[in-house]
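User: I would like to learn how to read the features of a protein model, one at a time. Could you give me the general idea each time and then turn to the case at hand?

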Amino acid sequence: MPLKRVLPVQRGARYAVLRFMAKDPTIDSAIKMHISNALSSKSDTVDSVFIKERDPEAKTDKIVADLRTVLMPIINKDLNEWARKAAVYGSCFARVYGAPSIGIKNVRCDYYTHPRFIQKYEKAGRLAGFTTTYQGTNSYSKQLRLLPPWTFVGFEIPEWEDYENIEPINVGGIPVDLAVEDAGIEGLVESQEYGTSLIATAYGPWMDLLDALCSLKMSRRNAARLERIIGVTTGKLDPERAAYYLDMIAERISNASDEVQEQSFLDGNVQTVVNHYIPMFTEKGGIQIDSVQGTPDINGLEDVLFHVKRLGSAIGVDPSLLGFGDMLSGGLGDGGFFRMSVMAAVKADLLRKAIKNGIHRLCEIHIAYKYGKVFTPDECPWVIGFNAVNTAIEREEQETMESRSNLAGGIIGAIATIDQEFTIADKRELARSIWKLIRLDDEEFEKVFPEKKQKEAEAVEAKAAAAGEEGEF
């Protein structure tokens, strides 16, 4: 048996293993928990994702309103399917159907768009197009026929493993030359960026857990097996009569045992009593029965729990959340349970990024089809957000904010002790420094501490000082 089990490198074989793993009840619970953590909706709405204007003070933008009208029904219908496939396989592809001046008409995600049927191709590190198993063949030439980059949208976990020992497949016949400045003549290669499954690293611990469970079950079954040694005395009978006598007794006991076994099978049980018949050359008429029964190895449970903990660590969910409630308070300490939930929040954040990038791509394709426009990231009028909140991350942020606020309060107190009238220190610059220390937005600072207010305060102070000097004279 290999010391370390790893997933196959070939994508088709890897997807088959991941699909089998996802059917395990423990892993299935972890996947659902990650999806719920990433895409849960608020109590007052059923939507997990929303599209809104980038500028909250601006009026309702026509483009953003159109995106909400066209895409939100599609997103709400297929969001969970996109998320589950992305979590299990690392990527989920959707076929986009659109038309000029109309926009996106349909988004398809089903058996035919499964990641095992889709191949991505790049040219100089940029997406060049897709191919799929279900696209037919070119009757004029047997060369590769790429579908345009806007044909498919990928919801991909933004992590992938570069196989440095395996060179990407070159399909264009042009070798890759990094010395060429023109990316248009670069060779066409298959991409290695297909995302990484959230359960990929759990393959080894999961296999070890299955082995431990199998060994434990066999130990339990062997312990429940009862071996009975039945000694039948034959006395001074000759061998032929002794054999007949032994067979008669064995048949009687076997028939009774078979009836009990048949009834046990009908009740859903398994007969665990085995009889062994041994002739005994003593006085005829006696039967001696001895029983031998094994004992279960209770210590084997510790091995199973160890592999359960490894599996929980790999999938980013504490075992106590996967049905092992007796582990809820063990060894975590005060607030430790919240820290463990941060591990799950990291996985959920990766899933959010995959969904957000895919929906953003859908918005870009719709705008390009309908309005013929392309926006830069700074000019993009829409923002994609999630209604779900993560208590673990929010608690970490609150504790960090609180510690920084305490530090800021100490600095202000020290400065006030040194310069009570602020004749040396500048109040507004001090406020700006404290604002940066707490890591708040600069725009909010300008709203709270406008420069014109400072100038008005300085003018009032100057006028009051001048009035005081005149009073002295």
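Analyst: Let us begin with burial: a residue is called buried under 20% relative accessible area, exposed over 50%, and partly exposed in between, using a 1.4 Å probe and protein chains only. This is a predicted model, in which local features need pLDDT of at least 70 and side-chain atom pairs count only at pLDDT 80 or more, while totals for chains, interfaces and linings use all residues. Residues are numbered from 1 along each chain as its sequence is written, and side-chain values use heavy atoms, with hydrogens and water left out.

User: Is Asp 78 buried or exposed, and what does Lys 77 pair with?

Analyst: Asp 78 is buried, at 7% relative accessible area, whereas Lys 77 counts as exposed at 61%. The general idea is that side chains of opposite charge can pair when their charged atoms come close. A salt bridge here means a side-chain nitrogen of Lys or Arg within 4 Å of a carboxyl oxygen of Asp or Glu. Lys 77 forms such a bridge with Asp 78, their closest N and O atoms being 3.0 Å apart.

User: How many salt bridges does a search of the whole structure find, and which residues are joined into one network?

Analyst: The search finds 11 salt bridges, and those that share partners join Asp 28, Lys 32 and Arg 84 into one network. Lys 32 bridges to Asp 28 with its closest N and O atoms 3.1 Å apart. Helices (H or I, at least four residues) and strands (E, at least two) are DSSP runs, numbered from the N terminus. Because Lys 32 and Asp 28 are 4 residues apart in helix H2 (residues 25-39), about one helical turn separates them. Arg 84 also forms a salt bridge with Asp 28, with closest N and O atoms 3.1 Å apart. Arg 84 belongs to helix H3 (residues 62-89) and Asp 28 to helix H2, so this pair ties together parts that are 56 residues apart in sequence. Asp 28 is buried, with a relative accessible area of 17%, and Arg 84 is partly exposed at 30%.

User: How do H1 and H3 pack, and at what angle?

Analyst: Two packed helices are described by the angle between their axes and the distance between the axes. The axes are lines fitted to C-alpha atoms, for helices over the stretch in contact, and angles run from 0 to 180 degrees between N-to-C directions. Helix H1 (residues 11-22) and H3 pack at about 115 degrees, with their axes 9 Å apart. H1 is therefore roughly perpendicular to H3, given that angles under 35 degrees count as roughly parallel, over 145 as roughly antiparallel, 65 to 115 as roughly perpendicular and the rest as oblique. Tyr 15, Leu 18, Arg 19 and Ala 22 of H1 make the contact (heavy atoms within 4.5 Å) with Arg 84, Val 88 and Tyr 89 of H3.

User: Which residues have the most contacts inside the largest nonpolar core?

Analyst: A nonpolar core is a set of buried Ala, Val, Leu, Ile, Met, Phe, Trp, Tyr and Cys residues joined through side-chain atoms within 4.5 Å. The largest one has 72 residues, and those with the most contacts inside it are Ile 75, Trp 82, Phe 155, Leu 362 and Trp 382. H3 supplies the largest share of this core, 14 residues. Leaving aside neighbours within four places in sequence, Ile 75 is in contact with Val 49, Ile 51, Trp 82 and Ile 359.
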